[in-house]
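Grab a pencil and let's work through a few exercises together. Try each task yourself before you read the solution.

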Amino acid sequence: MSIWWSLHLRREAASVPLARRLLIGTMETAGVDPDISYDLSVALSEACANAVEHGGDTGHGPGSEAYRVTAYLDGEKCRIEVADAGPGFPAAPAGRSRPPIRPAHSDAENGRGLCLIEELADHVHIGNKPGQGGAVVSFDKVLKWRSGAPLMAV
């Protein structure tokens, strides 16, 4: 069995805990190990906070005041995607790949979100929406299940 949901959220700070609580509730109901749920909820919070802070431009109309969160729990994996309508990530120079994300200093108050997502997830993809403005951050994690979990992969 699989579960997926998608939210269209306003770029407001209050949307971040809403998305986090929905993810935690879904995983708890499905029977996902609490440590895995926690890791994914922290990663989701970081991705949502980035969308709220950087993901819009009032010059792009009302769509830039929102972002989308989609979560898939399917078999042994969870995939989460956060997409916004902001300026996106800087383009890589021609013929080169995007430089790796550099960790922020330990005392920095900003700039640690993407590094934290990379530490908490098994696979991370950071890019821009093709043909339109906006960033997309997606990440996967292999699930561990509580004993007797209702949706445990068989």
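A crossing is left-handed if the near helix is turned anticlockwise from the far one by less than a right angle, and right-handed if clockwise. Keep in mind that this is a predicted model, where local features need pLDDT of at least 70, side-chain atom pairs count only at pLDDT 80 or more, and totals for chains, interfaces and linings use all residues. Residues are numbered from 1 along each chain as its sequence is written, and side-chain values use heavy atoms, with hydrogens and water left out.

**Exercise 1.** Work out how α2 passes α3.

Step 1: Find helix α2 at residues 34–54 and helix α3 at residues 113–120.
Step 2: Their axes are 9 Å apart, at an angle of about 155°.
Step 3: That makes the two helices roughly antiparallel (the label for angles over 145 degrees).
Step 4: The crossing of α2 and α3 is left-handed.

**Exercise 2.** Which residue pairs up with Asp140 in a salt bridge?

Step 1: Look for a side-chain nitrogen of Lys or Arg within 4 Å of a carboxyl oxygen of Asp or Glu, which is what a salt bridge is.
Step 2: Arg79 is the partner, with the closest N and O atoms 2.6 Å apart.
Step 3: Asp140 sits in strand β5 and Arg79 in strand β3 (residues 77–84), so the pair ties together parts 61 residues apart in sequence.
Step 4: Lys77 joins Arg79 and Asp140 in a network of salt bridges.

**Exercise 3.** Is Asp140 buried or exposed?

Step 1: Buried means under 20% relative accessible area, exposed over 50%, and partly exposed in between (1.4 Å probe, protein chains only).
Step 2: Asp140 has 7%, so Asp140 is buried.
Step 3: Arg79, at 32%, is partly exposed.

Technical notes:
Axes fitted to C-alpha atoms, helices over the stretch in contact; angles between N-to-C directions. Helix = DSSP H or I, 4+ residues; strand = E, 2+ residues; numbered from the N terminus. Parallel < 35°, antiparallel > 145°, perpendicular 65-115°, else oblique.
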